[in-house]
Amino acid sequence: RNRGRPKLTTTRKDILRHLAEAMNVSVRSIERAARIQRYAVPELLAMIDRGELGLGPTEFLAQFPHDLQRGVIGFGGAAHVRRWVALNRRAFAEDAA
């Protein structure tokens, strides 16, 4: 019998919900972290590990090509990443309006 095992009909949404509950975070945070893990360069991931950047700026920068990510990081570290993200978020918002 299926004692302690997930049902065969368990969906990705169910798994994310259980994981989020176990980690005491939102499902959205789990999804954001997965996107970052998939698309960010190792240098950007290291900045998160060291506590230099949060999910917001990291997620925004991670959507760009790896050479651009490395260029932004190399220009001035975490402080520069935060400034670059703030400026470019505004530019993207203005272009969308």
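User: What counts as buried here, and what share of the residues does that cover?
Analyst: Buried means under 20% relative accessible area, with a 1.4 Å probe and protein chains only. By that cut-off, 29% of the 97 residues of the protein are buried.

User: Which ground rules apply?
Analyst: This is a predicted model, where local features need pLDDT of at least 70, side-chain atom pairs count only at pLDDT 80 or more, and totals for chains, interfaces and linings use all residues. Residues are numbered from 1 along each chain as its sequence is written, and side-chain values use heavy atoms, without hydrogens and water.

User: How many helices and strands?
Analyst: The protein has 5 helices and 0 strands. These are DSSP runs: helices are H or I with at least four residues, strands E with at least two, numbered from the N terminus.

User: What is the radius of gyration?
Analyst: The protein has 17 Å, while a compact globule of 97 residues would be near 13 Å. The radius is taken over C-alpha atoms, and the globule rule is 2.2 Å times the number of residues to the power 0.38.

User: And the box?
Analyst: Along the principal axes, the C-alpha atoms fill roughly 55 × 35 × 25 Å.

User: New topic. At what angle do H3 and H5 pack?
Analyst: H3 (residues 42-49) and H5 (residues 66-96) pack at about 15°, axes 10 Å apart. Axes are lines fitted to C-alpha atoms over the stretch in contact, and angles run from 0 to 180 degrees between N-to-C directions. That makes H3 roughly parallel to H5 (angles under 35 degrees).

User: Which H3 residues make the contact?
Analyst: Pro-42, Glu-43, Leu-44 and Met-47. Contact means heavy atoms within 4.5 Å.

Methods: Angles under 35 degrees count as roughly parallel, over 145 as roughly antiparallel, 65 to 115 as roughly perpendicular and the rest as oblique. Buried means under 20% relative accessible area, exposed over 50%, partly exposed in between (1.4 Å probe, protein chains only).
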